[in-house]
Amino acid sequence: MDREQLAVYAEKYSKAVYRAAYSYVHNHADSEDITEEAFLRLYKCKKAFSSDENVKAWLLRVAINIAKDHLKSSWIHKREELDESMKCGDENEYSLDEAMAKLKPDYRIAVYLHYYMGYSVRETAKLLGITESNVKIRLKRGRDALREILTDEQKGG
């Protein structure tokens, strides 16, 4: 793959890859690192892709795997998070992002891929390496959990 093609893919898919990584690690800096690593692996990849959609799916799968490996690393448990009390952006959007962050990782990535990225249940199952039934269960439980979290936030709890 040449640099120009990589730049095109980075322009098209970097936000999607970043969000997939963030849905696992809940840290902007780590998500950026994971995104960069995924695109670096794409640049080094010798595989021929049949379509841009296959490239996108490959990047998302790689980012998910890197994020999972990142969470398994021992140093991640030894660090302290910075105070993120200085938030910006739309209040409602932040509430949804905050609610998504509270979901279990399995539910969060399924909800993200299906509702944010627009993948079908079948495509989501293939990306995550699980059955379609399992995706449907995760989506149902994720929606229920989001509803509960958002309802609690509105009540002030």
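Visitor: Which residues line the second largest pocket, and what makes a residue part of the lining?

Guide: In this predicted model, local features need pLDDT of at least 70 and side-chain atom pairs count only at pLDDT 80 or more, while totals for chains, interfaces and linings use all residues. Residues are numbered from 1 along each chain as its sequence is written, and side-chain values use heavy atoms, with hydrogens and water left out. A pocket is an open set of points on a 1 Å grid where a 1.4 Å probe fits, with protein on both sides within 12 Å along at least five of seven lines, and a lining residue has an atom within 4 Å of a point. Here the lining includes Lys47, Phe49, Trp58, Arg61, Tyr119 and Lys126. Its largest share, 5 residues, comes from α3.

Visitor: How are the lining residues of this pocket divided by class?

Guide: They divide into 5 nonpolar, 1 polar and 6 charged. Asp, Glu, Lys and Arg count as charged; Ala, Val, Leu, Ile, Met, Phe, Trp, Tyr, Cys and Pro as nonpolar; the others, Gly among them, as polar.

Visitor: Why is helix α5 called oblique to helix α6?

Guide: The axes of α5 (residues 105-116) and α6 (residues 121-128) come within 9 Å and cross at roughly 135 degrees. Angles under 35 degrees count as roughly parallel, over 145 as roughly antiparallel, 65 to 115 as roughly perpendicular and the rest as oblique; therefore α5 is oblique to α6.

Visitor: Which residues of α5 make the contact with α6?

Guide: Ile109, Ala110, Leu113 and His114 of α5 do so, contact meaning heavy atoms within 4.5 Å.

Technical notes. Axes fitted to C-alpha atoms, helices over the stretch in contact; angles between N-to-C directions. Helix = DSSP H or I, 4+ residues; strand = E, 2+ residues; numbered from the N terminus.
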